[in-house]
Number of protein chains: 4
Amino acid sequence: MPGFRVALLGTQFMGRVHSHAFRTVASFFPVDPPEMAVLCGQDAQRTAAQAAKFGWEEASTDWREVIARKDIDLVDVCTPGDSHAEIAIAALKAGKHVICEKPLANTVAQAKQMAAAAKKAGTVTLTAYNYRRAPAVAHAKRMIERGDLGRIYHFRARYLQDWILDPNFPLVWRLRKEVAGSGPHGDLNAHITDMARYLVGEIAEVCGMTKTFIRKRPLPAGEGELGRRGSKKGAAMGEVTVEDASLFLARFENGALGSFEATRFAAGRKNHHTWEINGEKGTLCWDLERLNELQWYSTEDAPTERGFRTILCTEAGHPYAGAWWPAGHMLGYEHTFTHEILDVVTAIAKGTKAQPDFEDGLRTQQVLEAAMRSAETKKWISVPR
Amino acid sequence: MPGFRVALLGTQFMGRVHSHAFRTVASFFPVDPPEMAVLCGQDAQRTAAQAAKFGWEEASTDWREVIARKDIDLVDVCTPGDSHAEIAIAALKAGKHVICEKPLANTVAQAKQMAAAAKKAGTVTLTAYNYRRAPAVAHAKRMIERGDLGRIYHFRARYLQDWILDPNFPLVWRLRKEVAGSGPHGDLNAHITDMARYLVGEIAEVCGMTKTFIRKRPLPAGEGELGRRGSKKGAAMGEVTVEDASLFLARFENGALGSFEATRFAAGRKNHHTWEINGEKGTLCWDLERLNELQWYSTEDAPTERGFRTILCTEAGHPYAGAWWPAGHMLGYEHTFTHEILDVVTAIAKGTKAQPDFEDGLRTQQVLEAAMRSAETKKWISVPR
Amino acid sequence: MPGFRVALLGTQFMGRVHSHAFRTVASFFPVDPPEMAVLCGQDAQRTAAQAAKFGWEEASTDWREVIARKDIDLVDVCTPGDSHAEIAIAALKAGKHVICEKPLANTVAQAKQMAAAAKKAGTVTLTAYNYRRAPAVAHAKRMIERGDLGRIYHFRARYLQDWILDPNFPLVWRLRKEVAGSGPHGDLNAHITDMARYLVGEIAEVCGMTKTFIRKRPLPAGEGELGRRGSKKGAAMGEVTVEDASLFLARFENGALGSFEATRFAAGRKNHHTWEINGEKGTLCWDLERLNELQWYSTEDAPTERGFRTILCTEAGHPYAGAWWPAGHMLGYEHTFTHEILDVVTAIAKGTKAQPDFEDGLRTQQVLEAAMRSAETKKWISVPR
Amino acid sequence: MPGFRVALLGTQFMGRVHSHAFRTVASFFPVDPPEMAVLCGQDAQRTAAQAAKFGWEEASTDWREVIARKDIDLVDVCTPGDSHAEIAIAALKAGKHVICEKPLANTVAQAKQMAAAAKKAGTVTLTAYNYRRAPAVAHAKRMIERGDLGRIYHFRARYLQDWILDPNFPLVWRLRKEVAGSGPHGDLNAHITDMARYLVGEIAEVCGMTKTFIRKRPLPAGEGELGRRGSKKGAAMGEVTVEDASLFLARFENGALGSFEATRFAAGRKNHHTWEINGEKGTLCWDLERLNELQWYSTEDAPTERGFRTILCTEAGHPYAGAWWPAGHMLGYEHTFTHEILDVVTAIAKGTKAQPDFEDGLRTQQVLEAAMRSAETKKWISVPR
C-alpha cells in the first residue's frame, strides 16, 4: 500500500504511543511504511514539536480541516473520550478508515452512532484495545480457539492501580465525570471487559458496585476559582465526581461466571491488569506487568507432572513475536500498539475487517453501562443485544 | 494445667489433623501436654486403629457417653456440619470447653443456638478457622492493628480448587445439600469470610451468585439404587444439589469493598486460598500455597525503592514461628492446627476467651447465609447484627 | 516390627527434629510405632525435660551405657560432628542399626572408619541428608531415573544463609574449626553435594575457593578468658577459624559440569538451598524455601507451549505425600525427617539398605575434603574412589 | 547537535537493533535526532532494503569509503567480532566517534590496539554492553554507589541459553572458533563480566572450566564440502571448535567472591541473564527475562518486615524510565539500546566520556582471556592490570 497516508489527532500519552507505532511498524513487519502526513493537536507549539520528534510531515490544530483533506486515508483518534463521537463520525462520513482510542465513547448512545456510521461508511474501523495484541494474549486466544481449555467456567480479572492513593493528589480531569465519563470503570474495566469478550464470549448480565473513597481533592494549580470553600489553609478543594473503584459480577452467555474489578486505590499496583480463565481442560493466566509470560495449566499433562507453566511468548511461533528479536528478548508496552497498527494496515490492504471494530467496541460499552447502572440501582442488569 | 483431658469426635481428615495437633503442641510450646483421653468415631475398628496411631487412651463409638464423662474437660467436634449443633450444645450443657470445626453449623438458626449455649455455659469455645494461626496471617493481623495499612479500601479473596473438575467424579456427600449444607460456599467462602472479618472488620451487605456447572454425576460405588435413570452404559447418575461455584461482592461496615470467590472448577488450583488487602498506607497479600510468605508493599518506603516485599514469616519475632525451627525452615499445613490448640489450651488456663469463639463463628455464618440468599433472590442483602 | 526400640543421642536442634519424627511416623505411615526408649544428652535436666516433651521413656547422660543396652535396636546420633565417629562406631560394634546426622564426620579419615565399621556390622546405616526425602526432591529423582532429563549437562546449586552477617554476631562454636571442622562448607555444601551425587552421579574432580570475610568476632558471653586482646571498649574478641563462604566447580564422572556455592553472608537468604539440573530433554529446579514445588521444563512439550511448570508435589502420586493431607496442603521442614525415619524403619523391617548409608556419606565427605584441599592449594583435585 | 551524522556497519541482529535505537532516541529524549546517513552491509540488496525500513539516507557495501567520508561524525560497528579491530581503528584514525558491539574484539591483543587508538584519537568510544542501560540495572548502580549495599561480599551471575541443545542444530559460524573467537564465553560471559566490573569492581584472578558437549554437528545447508566424512545417512558433519559451556570463579580486588556461568545447554533458559550481589547491608538481584524488576533486600528494614522487594523500575525517578510511559508500563529489550545511543550522543554533545569506553571494554576482554587460559591450563590466572 504505497502512498497510504495517516492523520493522527491527539498529542498526549496516546498520541505519543500511536505515533511511535506508525513510525516503527514497517521497520519490523513486511508492510509499506504508512506515510505520517499530519499530527493534529490543540496547542500549535506542542503539536509542531511533537510532529518533529516523531516524523510527521505536518502539524495542525484544526481537526476538521485535517479530516476534510483528500490525501488522508486513515484517521487515528487519540483525543479525550468526550470528543470521540464527533470526530470519528466526521471522519467516517469523509470516507476515512478510523482508529479510535478506547473506550469508544463516554456513552452507549454515542457509541451506537459511531457504530452506525462505521457500518454506513464501510471502511475499516478499530477500537484500540491494544492489549489484545500482546503476543501472550493473542496466543491465549489461539489456544482457546483450538479448544485447549474446552468449556469455560470462569473468567476473573482485575485492573488495579494506585496513582490517586494520596488524598492530596489533585482533582485532575480524569476525576471529573463531565469530562472523563467515569473513573476506573471506563478506563480500566473497559480493558478487562474487552479481554473477557475477546477470550470468553458475550456477557449476558452484570451486577456491580462502585465507591468514591476520597470525595474532595485539591484543585490543580490555577483552578482555584472552581470550588473554593474557604478552607483554613487556603487550599481550594473540588468534588470528585467519578468513582474510585468499580467491581462487578457477570454471567456470560455461554454459562461462564465472571468477576471484574478496577480501582485506583490498590497501593503498589501500578498497572496490575491480570486475568485468569478456568476451563474444563485447563487454566490460562496473564499479567500485564509480566506481559510476555502466559501461565498455562493443562489437565492433559501426566498427573504427577501437572503444573502451571510459564510460557515465554517470545518464540518465532508466537503471534507477532518472530518479527522482533530472538527468543527470550522481551517486548514492552508499546509493541502492542505497533501490532495494532500492523493489523489495521493489513486489514485495509486486504479489504478485511480489523478487530475489535466499532461494533465490537460498542458491545464493550454496553457491558460497562449496564454495570454502572447496576451499581446505581443495586440490581442485576441484562446487557442489551 | 496438668490433668487437662480431651475428647475428640471424628476420625476423618479433621479428626486426624486435630489429633496430630493435640499430640504435638507440648513438644514445641511451653504448655502441659493435654491428656488425649478418648477418640470417638462411628466405626469401632477404624476408631480404635486411629486412636492407637495418635496415642488416644481410649476409643469410643458413643459420643453421648463421652460427653457425659466427668473426666473430660474439652470436647473437640470434628464431625460433619449437620451434627455440630446437637453435639456442641450437649457438650456445653455438660460444662465442657468446646472446639467446633468450621463452618460452625449448616444453618444460621443452628449457629445461633450454639452461640447462645456457649454464652450460657461460659466455657471457652472456638470455631476452628485454622488459617488465622498461620504465622504470616497472624503477623498481618498485628501489622493491621498497629496501623501499617491505615484506612482499608479493599479486600479481595478467592479460594479456588479443582477436585471435582472431572464430570465423572462421583456424587460424594459433599455434593448433596441435605448433608453438606452447601458446596464451596460453606466450605471455602467460609474461610475467606472469616479472614475478611478477622483482618478488615464486619460486613454490612452482600450480593452474590452461584452456579452448578455439572448437574448430574455418577453415584459412588454401592449407591446405584439412588437415582438410577437407565443410562445406556448402565451408569447410575444422581443430582448435584449444591453449587459448584459461589461469588459475592461485599461492603464492609468501615467502608471497604470486598470481593469473594469460591469454586471447585479452577483447573490447577489445588488449595488456592489467597487474599489481598489495600489500605491507604500499603498492601498485604497472602497465599495458602506459600503459607509462610507475606507480601507487603509500603508507601512509606523511599519512592524509588518501593516494591512488594516477600516477608518469610519464620523469624523468632513472628507469631508462633520461634517455637519451631531457625529462620527459613518452612512450616506446613498442620502447624496452623497446633497453634489453634495452643491458643485454646492457653485461654482455658488463663481464663480468657479464644477467638474466633462461637459468637464469632455465628457472624461468619450470617454473612454466608446472606450471600446465599442474595444469589437466590438476585438482590443485595444486609447482614443482620 | 513391634518392640523395635530406639535411643537418640543429642538434645539440640537435630535432637528435637528427630524426636518429633520418631513420634510422628506411625501416625501417618503404616508402620509400627518405634518405641522411644531413651533420650541421651549432656545436661541431665534439659535431657529429662525434653524426653518428657517428646515422649521418650527415659533420659540419660551416659551414651556408652545407652549403647551397651540390649534392648536398643537403633541408635540415632545427633551430636556435634567431632563425636560422630566414636559414638557411631561403638554403636555399630554393639550390633545396632545407626542413623548419623550429617556430615558423617569432620574428616574423611573418620568417615572411612565409620563406613568400615558399618560394613563389618552389616546393620542398617543412614547418613541423615534429610532433603532427599522432600517429596519434590524424591519425585525429581524418579523423573531422572526414568529418563525424563536424558543425558545431564549441568548441575548448579547454592545454599545461602545470612545468620552471621552482622560483624557483632558472636564467635559461636560453629565458627571454630576445632569443633565444627569447617564453616558453611561442611554445613551447607555438604547438603548440595549429597543432592548432586543423589541426582546426577559421582564427582570426578573439583576446584574451589573459600574466604573468611570477618576474621575477629566478639566472644560469646562468659568466654572472655579466651582470646581477650585488650580492645579499647573492653570487647573480648576471638579469631574466626572457619571459612565464611566456600565455592567450587566440579566435573562429574558422567561428563556433567557442576557449580556449588555456600555462604553465610548472603543478606536476606535464610535457607536458600536451590539447585537446577539441565539435561538434554529438560530442566528441573528446586528451592528449599518453597520445598513442595518442583520446577520442570520439558523439550517434549509442544514448541509454542513450552515453559517451566511449577509442579506442586502434594498429590497422592508423589513420594510420601499421599500419607498426609489432600493435594495442595503444604508439608514443611520436619516432614523430611519423618520420611527419613520411615525409610530407615522400613529398611530394617525388610532387611534392605537405607540410602544414603555410611559408605554413601563417606563419598560426600571425600568430595568436600577435595574441594577444601583445592581451595588451600589453588589446584584442581581429583576425588578419590 | 543538529547535523550530527551517523554511519552504521552491519545489517544483522545488532544492525537492526542499533538502527531502531538511532531512529527512536529523539522521539523520547530531549536530543536532536541523529542524522542516519548511511547503512553499510555486505549484501547490497539486503542493505538497501534495510536502510529503507529504518530510514537510513543511503546504503553502501564499502565500509572503507563510508569511514572516509567527511560528513560522518559517528561510526557504529555492528559487524562480527573478527572485524572489529580493523574497522574501529580505521574509524578512530579518521577522527570519528566510535561505538563497537561487544565483545570489543576476539583477542586481548586486538582490544589493546583498539584502546590505544581510542586514546590517541580522543573521540568518544563505547563498547556496547547494552544491559548497563536497563533502568533496573542503572538504578542498582546508583544504589550501590550511594552505599545501600555497603561492603560487597558476593557477586554471582549466570547467563543461560538453550538454542543449540538439539544435537542436530547445524554447525553455524558461532560454533567455529576461527570466526566467533569462542562460544558462550565471549558471547554471554562477556555480558556478566561487564556487569560484575560495572557494579562490583575490578577482578583480580579467575579459575575456570569449559566443555563442548556435542563435538560434531551437521554442516549448514550448502556447506557439505567442509568436513564430509561419509556418514551412512549422507549427513555431512563438521567439528564444533568452541566451548558449549564456560564457568569460572573469581576474586575481586575489593575482596568479594564471584561466580560466573555461561552455557547454551540449559533447557528452557532462553535469555536467562541473572545476577545477585550480596553486601553487608543488603542484596540486589536482577533477571533479564523480567528486566524492569529489581529485587532488593535491606537489613535496615524492621526485623519482622524484612523481605526481598520487587521494585518495578518504571517510575519517573528511575534512570531513563520517566521519558517513556507512566509507571507500570513495561520497557523491553531494545530500550536498552536507545538509552545507549542517548548516552553516547549526550557525551559527544557535552564533550565527556561514555562508559564503558574502549579502555573499559579491554579490561572485560582481559578477564575473559584469563578465564579461558585458566580453563586450558587448569590453574588460577591473575588478570593483568
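Two strands are counted as paired if DSSP finds at least two bridges between them; helices (H or I, at least four residues) and strands (E, at least two) are themselves DSSP runs, numbered from the N terminus. The model before you is predicted: local features need pLDDT of at least 70, side-chain atom pairs count only at pLDDT 80 or more, and totals for chains, interfaces and linings use all residues. Residues are numbered from 1 along each chain as its sequence is written, while chains are lettered from A and ligands numbered from 1 in the order in which they are written.

I begin with chain C. Its open sheet has six strands with parallel pairing, in the order β3-β2-β1-β4-β5-β6. At the edges stand β3 (58-60) and β6 (125-127) of chain C, each with a single partner strand, so one side of each has no neighbour in the sheet. Strand β5 (residues 97-100) of chain C pairs with β6(C) in the parallel sense over three bridges. Here C:Ile99 stands opposite C:Leu126 in β6(C).

I turn now to chain A and to its helix α1 (residues 13-28). This helix of 16 residues reaches 23 Å from its first C-alpha to its last, close to the 22 Å expected, where the expected span is 1.5 Å times one less than the number of residues. How many residues of α1(A) are buried? The number is 14 of its 16, a buried residue having 20 or more other C-beta atoms, placed from the backbone, within 10 Å of its own C-beta atom.

Finally, the domains of chain A, whose bounds come from an automatic or database domain assignment. Domain 1 covers 5-131, and domain 2 covers 132-331 + 357-382. Their C-alpha centres lie 24 Å apart.

Notes:
A residue is buried if 20 or more other C-beta atoms lie within 10 Å of its own, exposed if 12 or fewer, and partly exposed in between; C-beta atoms are placed from the backbone.
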